Structure formats: C-alpha cells, structure tokens
Amino acid sequence: MRNAQAGPAPRGMGVQILLMLLVILFCVFPFYWMVTTSLKTQILALESPPVWIFEPTLANYSEVLLKDGVGTTLINSLIIAVSTTLLAVLLGCPAAYALARFEFRGKRDLWFWFITNRMVSPIVLALPFFLIVRKIGLLDTHLVLILIYLTFNLPIVIWICTDQFRSVPYDLNEAAMLEGASQWRIFRSICLPLAVPGVAVSSIFSFIFSWNELMYALVLTRNNAKTAPAMAVSFMEGYNLPYGKIMATSTLIVIPVIVFALIASKHLVRGLTMGAVK
Amino acid sequence: MPVNASSGTIRRSTILAFLGPSVVTLLVIGIGPLLYAVWTSLHYFNLTKLKKVKFIGMENYASVLTDSVFWEALGRTFLLLVISLPIQLAIGLGIALLLHQPGVGFLKTLTRLSLVLPMATTYAVVGLLGQVMFNLKYGVVNQLIGFVGFDPVNWIGDPTNAFIAITFWDIWQWTPFVALVLLAGLTTVPSEIEEAAKLETKRWFTVLRYVQLPFLIPALTAVLILRTADTLKLFDMVFTMTRGGPGSSTELISLMIQRVGFRSFDQGLASAQAIILLIITIILSQLYIRLLYKEV
C-alpha cells in the first residue's frame, strides 16, 4: 500500500469516516436485527411497532434445538457440506494440476464447461435429478445432495487450485523431471504441499456454497436428509409465524458461514468471479 | 499421441489419469441429467399422470415460446436486473472509490469485512430476514420509515411493493459484491499514472473517467455478466421471502420453472423451459469467457 504525499483535508476525512460508518451500518444492521429478534419471546416479536430494548431470552434456541429437531438438520448440513467438499478436493486437485501444467486439446472447452456450471440455474438440473433419483430410490438421502453439490463445487475447486498451481515455479517441475520423478510424484510431493493455501480457500468456498444451498435440498430431501436452510423454510407455514424461532434457526445457520467468509475474505472476489478479477 | 509440454513430453495417459476422475464425475452428474431433461422436454410428462407419458416432439417448446407466463417471468427477471444493477453499480463504485482513498486504515478494514457479510449469508436466510423486516405490522422497515414521516407500507402483500422489496433486498445483498469487485479493479491502476493524473487535475470525476475507467473495464464486464447470470439463477431469497407472490408479481424465471415442475407437476413443460434458460446461460458464459479470459 502506498502513502499519499499529502493527506486529505480534515473535512474530507470526516466525510470519508462518516460514509464508511454508513456502509458498515447498512451491511450489519440486518444481522443485528436477526440476532435480537432471535432473543425475543413470541409476544415480544409480535410487538407493533417493534421494540428495541428488552430482556433477552435463549428460549427460542433451546426450543428449536431440543424440540423442533433443528440440531439434526444442522448435522445433516454439516455431513453433506463436509463430504462434498472432501470429494471435490480429492477429485479437483489432480484435475487442476493437469490444467495448470499440461497442454492438450480441448482445454479451452473444459474451461468453458466449468464457467457454464458456475452460471447455470440449479433448477435446470433439479428437474432431471429429481426424476432420476426418485426412480433409483435415493430420494431423501445425504448421498444425493453430496453428489449434486459437486456440480458447482468441483468447478470452483478446480478453478481456484489451477490458479494456485500456476503460481508454483515451473523450475521445480523441471528439476524433478530431470531426477526422473513421475508426474504423480511431482504433484504429490512437490506441488500439492505448495498449493495448500489454494486448497484451503477452495474448500472454504465449497463448504459455504453447499451449506447455503436451498433449492436442491428443498426438491430432493424430505425428512431424513433435510438440511438446515430447508428446515428454516418449513417454519414459514401457517398464519402467525414464529419469528423468534425462525431467526434463531437463521442465526445458527449463518454463524459458520460468516466465520468462514471472514477467514477467506481476501479471496472472496476471486472465487466469486471465477478468477476473472484478482 | 504425446503432447508437448514446455520441456519433455507428457503422455496422454498421464493427462487422462489426472483429469479423468473429475471429468467423468461431472459427465455423470452434470451432463447425464441434462440429457435426461432434454428427453423429458420432448414428452408429455406429468408427475400425477405418469401412465400417460408420451413423445410429443417440440410441442412443449412451442407452448413455452407462445406462453405469456414464461415471457412475463423472464421479463420480470430482467426488470429486476435493470433496476437493481445500475443502483448496485453506482453505490458499489462509490464505496470502491471511498475505500480506494488513502487514510483511516482500521476503519477501511472494518468496512471491507462488513461488505463480506451480505453476499456470504445463506440466501434463504436473507429471504427470511426480509420477511421479518418488511412485515407490515411487526417489521422494522416500516418503523424506520415511520421515523422520517412515511406511513407504513404493505411490502409483502402488495404486488408492486413486493417487487420493490425483493429489488431492495437484492441491492442490499449484492452491492457489496459489486463494490469489492470494482475495488479490486481500482487496484490494477498503476499508482504512478493515478498520482500523475491527480497532480494534473483536482476533479475526481476526470480522474475516474480518463484514468481509472479503462482499467475498470474487466471488473465491470465481470459484474455485468455475473449479475445477469445470478439474477437468472435467483431462487432462494425470493422463494423464502414471497414465494413468488402475491399473485405472480415476484415470480422470477427460476421460481416459475420450479412451480411448473414441482407444484403443477408438469415436468415436460418445465424441462423445456429449463433448456431454454440453459441456452441463454450458455450464451452468457460464452460472452464471459470471450471477454475476460483472453489467455486460456
């Protein structure tokens, strides 16, 4: 980062600080509202106009976790997100290495295919997937979501890791090849250890996307493999909505995502634009 | 046939061993179902009348193309895009310029971290939060606009207002993304050029227009295409907030296809709609890759 030779005028600085505080408020306020609503009793939550100062209670949390089975759905989400991420990394890393190091025909088409996977609406695959899965009796299983989430996780992992492998100096490859090492050896023992940051970032992405996903979960699960977002949505039935419970569930869903997103915040733009903007 | 790498040759079987597993996986879970969707789209296929499945050729496509519901949903999706994208670009550019200025390092980091929150948040939760905050009686939005003298607005229950509410919510969630992408673009401007320009003129707009803008083109292109694709994908947030209603006032294209396929059970028609949506997406992806990845 460079320094300005002459700092901005004090008045300009004041405006700058004010505007930044405004941006922070704009971004953070809904989260504040989510958490405070989750700490209200149903009677308080249905106060009109809404109250800002009240005695917080954790009743919603104990109710959704112990009575409504949100805990189980959180575990389902965790199992699915972790498994699909592990699979994506396992399959994606060698592919990324190949894309970074080898020249071959059809490479451009592969890139194109991955980009399309990033952009296509999940409904396009949800329709046939539902019919197929129903036919082979796998509806409402963890496996189905683990597999279908690979359609967006695998391209992301391959994408980010390819970038990472490219940044590993090629000299290392050449030296190892002169020693007679096989490509697999070079990948495993030399390049992969140096690509750990990329693997970590892409794992975080894969986890966040899987954890956040709703449409496939809605269409392909019922009870057994129901994920937490699908559970949160099912509270939305009926007339007097249990706002406190909905917001408590939402808070529980959002916490891990926010932690991971903040960890990977430096790489978020690159990941979301598939590397087009560094 | 061996293919040349920059030194030595790498056998085709080696390349296959590295790439094969993921390509095969994506073929099985991605392309396979897609082909099945094409097959479904050529049939009369209703989940409640599975005995009556029969081949009807392009009939589903013909009904999609002449169906006003489809075009209205597509039109609504693009309406959302043309309203929210310019606002996201304007505010996003403002935030990016704000953060690009020197000074107040700590607050800048804090701002950047807060920008990460909206776009990472589970889209379904964003929609639920919208439900709660935009509620007519219990919502904080009506309370806040009440402070500045507005009457409470029936956001979710009125067709036009519901559309405004989801547009506002889309702007809330994605302006930070636009801001961060543009900020990344701004850092690609060589600092000597920028400093020199700032010595030449005091007007920030001149600097933006003639010095920074040319370097922002890739970031702007990425935003334009990705936001288009993401709006065509948009489902979770709107579904949890309004279910596409009231009426069909917030039924975007992905919601409409989901309703036809899973709530009207007409899988054949829905598949035809999905394939048309896929074709639009493929054209967008082509644009993305042509304009942004010159080296691959």
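**Close-up views of a predicted two-chain model**

View 1. Between the rings of Phe187(A) and Phe18(B), the centres are 5.5 Å apart and the planes stand at 90 degrees, so the pair is edge-to-face. This pair crosses between chains, joining helix H9 (residues 183-194) of chain A, which holds Phe187(A), to helix H1 (residues 12-41) of chain B, which holds Phe18(B).

**View 2. The surroundings of Ala98(A).** Helix H4 (residues 70-101) of chain A contains Ala98(A). Ala98(A) is counted as buried because its relative accessibility is 0%. Leaving aside residues up to four places away in sequence, Ala98(A) touches Phe104(A), Phe18(B) and Leu19(B). Ala98(A) and Phe187(A) are 89 residues apart in sequence, and their C-alpha atoms are 9.4 Å apart in space.

**View 3. The interface of chain A and chain B.** To the contact, chain A contributes 113 residues and chain B 111 residues. About 9,600 Å² is buried between chain A and chain B, with 76% of this area coming from carbon and sulfur atoms. Zero salt bridges are counted between chain A and chain B, while 13 residue pairs are in polar contact across the interface, both residues being at pLDDT 80 or more. On the side of chain A that touches chain B, helix H1 (residues 10-38) of chain A gives the most, with 17 residues. By class, that side of chain A comprises 85 nonpolar, 15 polar and 13 charged residues.

**View 4. An aromatic cluster and a tilted pair.** One aromatic cluster is formed by Phe26(A), Phe31(A), Phe134(B), Trp155(B), Phe168(B), Trp169(B) and Trp172(B). Over all chains, the whole structure holds 36 aromatic pairs. For Tyr149(A) and Phe152(A), the ring centres are 5.4 Å apart and the planes lie at 40 degrees, so the pair is tilted. Helix H7 (residues 142-166) of chain A carries both Tyr149(A) and Phe152(A), three residues apart, about one turn of the helix. Tyr149(A) and Phe152(A) are both buried.

View 5. Over all chains, the structure contains eight salt bridges. In the bridge between Asp68(A) and Lys245(A), the closest N and O atoms are 3.2 Å apart. Asp68(A) lies in the loop between helix H3 (59-67) and H4 of chain A, and Lys245(A) in helix H13 (residues 243-263) of chain A, so this pair ties together parts that are 177 residues apart in sequence. Asp68(A) is partly exposed at 24% relative accessibility, whereas Lys245(A) is buried at 15%. Salt bridges link Glu63(A), Lys67(A), Asp68(A) and Lys245(A) in a network.

**View 6. Two further salt bridges, one in each chain.** Glu103(A) bridges to Lys107(A), with the closest N and O atoms 3.4 Å apart. Glu103(A) has a relative accessible area of 45% and is partly exposed; Lys107(A), at 12% relative accessibility, is buried. Asp230(B) forms a salt bridge with Arg227(B), where the closest N and O atoms are 3.5 Å apart. Asp230(B) and Arg227(B) are three residues apart, about one turn of the helix, in helix H9 (residues 204-233) of chain B. Asp230(B) is buried, as is Arg227(B).

Key. Residues numbered from 1 in each chain as written. Chains lettered and ligands numbered in written order. Predicted model: local features only at pLDDT ≥ 70, side-chain atom pairs only at ≥ 80, totals over all residues. Heavy atoms only, no water. Contact = heavy atoms within 4.5 Å. Buried area = accessible area lost by both parts, 1.4 Å probe. Salt bridge = Lys/Arg side-chain N within 4 Å of Asp/Glu carboxyl O. Polar contact = N/O pair within 3.5 Å; in protein donor to acceptor, adjacent residues only side chain to side chain. Helix = DSSP H or I, 4+ residues; strand = E, 2+ residues; numbered from the N terminus. Nonpolar A, V, L, I, M, F, W, Y, C, P; charged D, E, K, R; others polar. Phe/Tyr/Trp six-rings, centres within 6.5 Å; stacked < 30°, edge-to-face > 60°. Buried < 20%, exposed > 50% of the residue type's maximum accessible area, 1.4 Å probe, protein only.
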